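Hi there,

Here is the structure I promised to pass on. Have a look at it first, and my notes follow below.

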Amino acid sequence: MKQQVRRYAGASPFSERQSNIFFGREAATLALHRMVKQEDQVVLHAKSGIGKSSLIKAGLLPRIRKDRSLEPVEFRLYASSSAKSRDPLSTTKEVLFANLAGGTNPDTPLDKLLPNDRSLWNQLKEIQLDRIAKDAEKAYADPPLLLIFDQFEELFTYSRQDQLAFRSQIAEAISGRMPQRYWDILSLYEGQEGPVSAEEKRLLMRPMRIKVLFAIREDRIHLLGELSDYLPAISKNWFKLDHLNAEEATRAIEAPARQPGEFATAPFTYAGDLRNNIISYLSGDYEGIESAQLQVICDAIDRKMQHDDERTATVEKIGDLENITANYYWEKIDEIKDPEQQMAARKLIEEQLIFEEAERRLTLFEGQIIDSGVSKDTLDTLIDTYLLRAEPDLRGGYNYEISHDSLIKPILEAKRERFVLERVIAQEEKEKVHAERLAKEIAENKKSRRLNIILTALLALATLTTTTSIYYYYQVDRERRRTRELLDISENFREKVEKSTENNRTSLRNSIRLHLDNAGVYLDSNDGELAKEEVGKASRAAAKLQTTDYDTEINLLRLQIDAIKE
């Protein structure tokens, strides 16, 4: 079955393929496109989470490819010490080699002059010469290269030596001119026949047209000053991307819903009060709206509208927007299949990444997160699902925080529910231990009573005195009453524990049954997403009940859901 295409990007940044649903940033796309065509160096900056990557991929790149004004190549350096990192210069060269045709001819004028030069300029010049050799007319008409470095703040997590090598060679490459070291070699043959012909020398002197776009977080933009010794123009052309305003957010909400095409849902519209609620909810105390969180909310609404015959999304149908955010948290936590890792992730998010008294997000370094018991795979899942956001640390590696303030309330509510459940479980365990202690005490009292009876009989036979017999009689009677009281207390306590436990278990079993029945209904209507949500709720309830009675049914439903997705 063909994979269903959603109308909204959800938590992930937009891809180039999703340019047909990228709305609200038309003016920014046009302005950025105009700037990169006019200027050799452009800096795109914005606060984290505003949508720099989406603007590049779904806005700028499709426009560039349409008018063929530039030849774009995308780079990602990754933070130092991360699993994907190498030194920035090596990464840049590898990406160029993988993305640009040419540069494979071993016999070029460059090799005749400096055969051991492995600079970035040398690599780009070899590509230019190779293209000219294959089709000179086409090569001369090629548009300028546009080197796009997204999340450029990652450069500053590397050593000063790595940063120097990168900025010096980038500056040499984008200057377009032949470096002085090649002129020095050519000057040795002044007035005589040299290693290269006049035509080859002319080609070496032909400028290369190269532009650069650096995308960087706003709170790291001051670091660009460290590049000014080789790139003095880097502070000249800055393009700031702001939050979505109300008008842009309205277009980002409504336009994808009306878009024709092969989507999972038929086109629909938003009632005005629902649209206004979304904008108000996402604005909060901010100066505008984050695109990523808007996409999460609208994606959830899109999925709810999938099987609704009435094609207008209303407040009554969608309900409280906070519930959408809460469900999003639970859905993404459920994507962690290992129960121990799921609980470790919850404790990390709910206890270590929020300052509860002030309801503020906190930041942890990568090492602190791994020390908390969360595995690297689980951490990657939390990033991919937009529950956490990774930001480069200038000392290497990444820092992590909850992706958006709107997640704080549902996360704290989940924490409170977990604490209540943990207290119930702890109380039941405490009561169980207490009941066992009482039972042991009763058994010991029974032994003591039998011993007292034997001693009383022996003493009565030995002394044959009425006074002693009466005394031990009362002793035995007192022990008997004490034993009876302990038996009554134990029985009442046991009944109380059993009643409380049974009520909890009955409630959980009813909840499991309801969610499994709902999942079956959604499967009958071919709605895998809602079915998955119900199965996840049933699975969590079964885990609380500590039973495997429903495993077969849950696994069968999951197979049916996977079959729908395929």
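Accessible areas here come from the Shrake-Rupley method with a 1.4 Å probe, and for residues only the protein chains shown count as cover. On that basis the accessible surface of the protein comes to about 29,600 Å², with 50% of it belonging to carbon and sulfur atoms.

Before the details, please keep in mind that this is a predicted model: local features need pLDDT of at least 70, side-chain atom pairs count only at pLDDT 80 or more, and totals for chains, interfaces and linings use all residues. Residues are numbered from 1 along each chain as its sequence is written, and side-chain values use heavy atoms, with hydrogens and water left out.

The overall picture

The protein has 21 helices and 12 strands, taken as DSSP runs numbered from the N terminus (helices: H or I, at least four residues; strands: E, at least two). Of its 566 residues, 46% count as buried (under 20% relative accessible area, with exposed over 50% and partly exposed in between; 1.4 Å probe, protein chains only). Taking contacts (heavy atoms within 4.5 Å) between residues at least 6 apart in sequence, 77% join residues at least 24 apart.

S2 and S3 (residues 145-149) are joined by 5 bridges, and Val73 stands opposite Leu147 in S3. Axes are lines fitted to C-alpha atoms, for helices over the stretch in contact, and angles run from 0 to 180 degrees between N-to-C directions.

Another open sheet has 3 strands, ordered S10-S12-S11 with antiparallel pairing. S10 (364-365) and S11 (388-392) are the edge strands. There are 5 bridges between S11 and S12 (residues 398-402), and Ala390 has Tyr400 in S12 as its bridge partner. Helix H17 (residues 376-384) packs on the sheet, touching S11 and S12, at about 100 degrees to the direction of S11.

Cores and rings

A nonpolar core is a set of buried Ala, Val, Leu, Ile, Met, Phe, Trp, Tyr and Cys residues joined through side-chain atoms within 4.5 Å. The largest has 45 residues, and those with the most contacts inside it are Leu124, Phe149, Phe152 and Leu224. Helix H5 (residues 120-134) gives the most to this core, with 6 residues. Apart from it lies another core of 31 residues, among them Val296 and Leu388.

I also found 11 aromatic pairs: rings of Phe, Tyr and Trp (its six-membered ring) with centres within 6.5 Å, where planes under 30 degrees apart count as stacked, over 60 as edge-to-face and the rest as tilted. Trp121 and Tyr182 have ring centres 5.2 Å apart and planes at 45 degrees, so their pair is tilted. Trp121 sits in H5 and Tyr182 in H8 (residues 180-187), 61 residues apart, and both are buried. Ring pairs also link Phe75, Phe149, Phe152, Phe156, Phe166 and Phe214 into a cluster.

Enjoy exploring it!

Best wishes

Note on methods: Two strands pair if DSSP finds at least two bridges between them.
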